[in-house]
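Okay, hi everyone, thanks for making time. I've got one structure to walk you through today, so let me put it up on the screen.

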Amino acid sequence: MAQFKELVFSGVQPTGNLHLGNYLGAIKRFVSMQDTHDCIYCVVDMHAITVWQDPKELARQIREVTAAFLAAGIDPKKHIVFNQSQVSGHAELAWVFNCVARMGWASRMTQFKEKAGKDRENASVGLFAYPMLMAADILLYRATHVPVGEDQKQHLELTRDVAQKFNNDFSASIAEHGFGEAFFPITEPLIHGPATRVMSLRDGAKKMSKSDPSDYSRINLTDDADTIAQKIRKAKTDPEPLPSEVEGLKARPEADNLVAIYAALMDVTPEAVLAEHGGSQFSGFKTALVDVAVSKLAPVAGEMRRLMADPAHIDAVLVDGADRARGIATETMNAVKDIVGFVRAR
Ligand code: TRP
């Protein structure tokens with residue numbers, strides 16, 4: 001696979017408010033990959049409409065995710081930040097992949113089963129086709145590495161299967177058009193470990209989620225310092241002091257979660273956190289956690305608010321990103337059209 005240049009691609013859906021889980025699990029990882037790789041970060045608005053979105057709210061959320069990328073430290077000049085709908089290659093390649101992927105593959109997707117629920121007849125066709133659009137996002141740029149959460153692992157496997165089947169089904173044409181043995185890379189998922197899975201502040205067994213009815217279950221990326229402090233002080237704990245070893249966190253999901261959050265915010269291991277705070281009561285540990293959370297998150301929230309007050313600037317970043325993404329996408333689509341046998345102007 002040596003012929004493929006290393007490239008990172010990932011996407012975030014503009015649905016619902018961003019919270020600490022999105023930040024530690026995804027955005028912070030995106031930021032750190034910028035030093036070692038060329039990166040493309042995409043606001044996947046076409047994925048968002050697989051379930052109905054209020055148009056005004058969708059537009060606001062696209063700008064908010066973009067603001068979060070920028071506020072967290074993604075550099076849109078060195079890398080590419082754009083929204084999916086503005087590069088038509090995503091939809092075009094998704095169609096080709098709809099014809100490569102098999103009904104059986106898509107039917108096995110657990111995210112589709114979960115999101116469609118019991119009333120599958122009433123789910124949109126787009127929700128079923130979602131994984132093929134995701135494969136198109138990634139392979140339109142022939143990306144080699146994709147940082148995603150554990151819940152996206154199955155979609156990445158489908159992406160690899162689509163790439164493999166396309167390379168096989170069209171192998172003669174791929175070689176004839178001078179692309180050697182394979183046109184698409186077999187993308188490597190970079191799965192976020194459990195250390196970056198952030199749980200609800202109200203229930204350590206549930207993931208932190210935008211859809212939890214209690215706002216106290218999560219820290220939103222736009223929360224101000226007072227709100228962050230209040231939510232951490234109210235976070236569920238148990239009556240024991242913190243253990244000195246990580247083994248002591250095993251049957252204590254809330255303690256485990258707060259230690260993991262502290263560690264992730266500080267970029268240290270849970271072991272290091274317990275070396276310092278083992279034996280402390282939660283009241284003391286929460287005070288330290290409030291300090292860390294406020295010092296790391298309040299500046300991001302402040303910068304997001306500043307950016308959101310100037311939507312014209314955000315829109316200009318997205319337009320510039322889409323123009324540069326389109327340059328790569330057009331090359332890929334021209335090659336795909338030739339490989340498949342579509343006749344086009346030259
Ligand atoms: N499905 C992903 C999610 O819900 C979002 C996504 C869309 C994505 N296209 C992508 C992630 C391409 C990585 C690469 O989290």
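So, the ligand: the space it takes up is the largest pocket. Keep in mind as we go that this is a predicted model.

Who's around the ligand, then? There are 13 residues around it, and the ones that come nearest are Gln13, Tyr130, Met134, Asp137 and Gln152.

Which parts of the chain supply the shell? Strand β1 (7–12), helix α7 (125–139) and strand β4 (145–148) each give at least two residues. Helix α7 has the largest share, with 4 residues.

Okay, let's zoom in on some contacts. The side chain of Tyr130 has an N or O atom 2.7 Å from a nitrogen atom of the ligand. Gln152 also points us to a ligand nitrogen, with a polar side-chain atom 2.9 Å from it. With Gln13, we're looking at an oxygen atom of the ligand instead, and that one is 3.4 Å from an N or O atom in the side chain. And how much of the ligand does the protein cover? On its own, the ligand has 370 Å² of accessible area, and the protein covers 89% of that.

One to look at is between the side chains of Asp267 and Lys28, at 2.8 Å from N to O. That pair links distant parts of the chain, 239 residues apart. Lys28 is in helix α1 (residues 20–33), while Asp267 is in the loop between α11 (253–266) and α12 (270–277).

Technical notes:
Residues numbered from 1 in each chain as written. Predicted model: local features only at pLDDT ≥ 70, side-chain atom pairs only at ≥ 80, totals over all residues. Heavy atoms only, no water. Near = heavy atom within 4 Å. Polar contact = N/O pair within 3.5 Å; in protein donor to acceptor, adjacent residues only side chain to side chain. Areas by Shrake-Rupley, 256 points an atom, 1.4 Å probe, with all protein chains shown as cover. 1 Å grid on protein atoms, 1.4 Å probe; cavity = no way out; pocket = protein on both sides within 12 Å on 5 of 7 lines; lining within 4 Å. Sits in = over half its atoms within 2 Å of the grid points. Salt bridge = Lys/Arg side-chain N within 4 Å of Asp/Glu carboxyl O.
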